[in-house]
Amino acid sequence: MEDDGGERSSFVAGLIENRAKEVGMAAFDLRSASLHLSQYIETSSSYQNTKTLLRFYDPCVIIVPPNKLAADGMVGVSELVDRCYSTVRKVVFARGCFDDTKGAVLIQNLAAEEPLALGLDTYYKQHYLSLELDPHARV
């Protein structure tokens, strides 16, 4: 995606959801090396909250688990990306590659090593779902 100045977006977004309709989003800015975490309950079958965040970050890549249609009519984040963000590069990781425990360990390590990351050690507990992508997982 491009902004008004013709510059490409520098965000990579990862999306995951669970059976309780909680959605976790991690948006990483490649330019500033900043990580933005969000976790929320998606109350709308149109994924309005997720769409709003995706419009805000305007990612150049979206990482998702494989398509999975829910019985209640919710299409799933992967299908949402297919339907509404077809011009954005989509990368699919197996569901097994999303691991909140490993994500929490990575954040704890970062918080211990980086003075600017103070507070992340408690922040991750509230946003565990957005930490699920294991960067070392094999696809």
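How many salt bridges does a search of the whole structure find? The answer is two. Both come up on this tour, which runs through a predicted model.

**Start with the whole chain**

Show everything as a cartoon. The protein has four helices and five strands. Follow the chain from the N terminus, and the elements run β-β-β-α-β-α-β-α-α. Of the 139 residues, 44% are buried.

For a landmark, pick Ala-26, which stands opposite Leu-37 in β3. Then move to the turn. β2 and β3 form a hairpin with four residues between them. Ala-33 sits in that turn and has a positive phi of about 60°.

Stay here and select Leu-30, in the loop between β2 and β3. Is Leu-30 buried or exposed? Leu-30 counts as exposed, because its relative accessibility is 52% and the cut-off for exposed is over 50%. Together with Leu-30 they make a nonpolar surface patch of about 260 Å².

**Select Lys-21: a positive phi**

Step back to the loop between β1 and β2, where Lys-21 is placed. Most residues other than glycine have a negative phi. Lys-21 has a positive phi of about 65° although it is not a glycine. At 29% relative accessibility, this lysine counts as partly exposed.

Jump to the loop between α1 and β4, which holds Asp-58. Here is another positive phi in a residue other than glycine, near 45°. Asp-58 is partly exposed, at 23% relative accessibility.

Pro-59 lies in this loop too, between α1 (48–57) and β4 (61–64). Why does Pro-59 count as buried? Because its relative accessibility is 4%, and buried means under 20%. Now draw a distance from Pro-59 to Ala-27. The two residues are 32 apart along the chain, yet their C-alpha atoms are separated by 7.9 Å.

Show side chains on α2. Val-77, Ser-78, Glu-79, Leu-80 and Val-81 are buried in this helix.

Arg-83 and Glu-79 meet through their side chains, 3.1 Å from N to O. The two residues are four apart in helix α2, so about one helical turn separates them. In an α-helix, residues three or four places apart point the same way. Compare the partners' accessibility. Arg-83 is exposed, with a relative accessible area of 55%. Glu-79, at 18%, counts as buried.

Next, select Lys-90 and Asp-82. Their side chains form a salt bridge at 2.6 Å, N to O. Lys-90 counts as partly exposed at 26% relative accessibility. Asp-82 is partly exposed as well, with a relative accessible area of 33%.

**Go inside: the nonpolar cores**

Hide the surface. In soluble globular proteins, nonpolar side chains tend to be buried together. The largest nonpolar core in this model has 18 residues. Select Leu-15, Met-25, Leu-54, Ile-62 and Tyr-85, the residues with the most contacts inside the core. The elements that give two or more residues to this core are β1, β2, α1, β4 and α2.

Center on Ile-62. Leaving out residues up to four places away in sequence, its contacts include Ala-13, Leu-15, Leu-54, Val-81 and Tyr-85. Ile-62 also touches Val-88, Arg-89, Lys-90 and Val-91. Lys-90 is the residue whose side chain meets Asp-82 in a salt bridge.

For the last stop, select Val-12, Ile-63, Val-91 and Cys-97. These belong to a second, separate core of nine residues.

Terms used
Residues are numbered from 1 along each chain as its sequence is written. This is a predicted model: local features need pLDDT of at least 70, side-chain atom pairs count only at pLDDT 80 or more; totals for chains, interfaces and linings use all residues. Side-chain values use heavy atoms; hydrogens and water are left out. Buried means under 20% relative accessible area, exposed over 50%, partly exposed in between (1.4 Å probe, protein chains only). A salt bridge is a side-chain nitrogen of Lys or Arg within 4 Å of a carboxyl oxygen of Asp or Glu. Two strands pair if DSSP finds at least two bridges between them. Patches are made of residues with over 30% relative accessible area and no salt bridge: like charges are joined within 9 Å, nonpolar side chains (Val, Leu, Ile, Met, Phe, Trp, Tyr) within 5 Å. Accessible areas come from the Shrake-Rupley method with a 1.4 Å probe; for residues, only the protein chains shown count as cover. A nonpolar core is a set of buried Ala, Val, Leu, Ile, Met, Phe, Trp, Tyr and Cys residues joined through side-chain atoms within 4.5 Å. Contact means heavy atoms within 4.5 Å.
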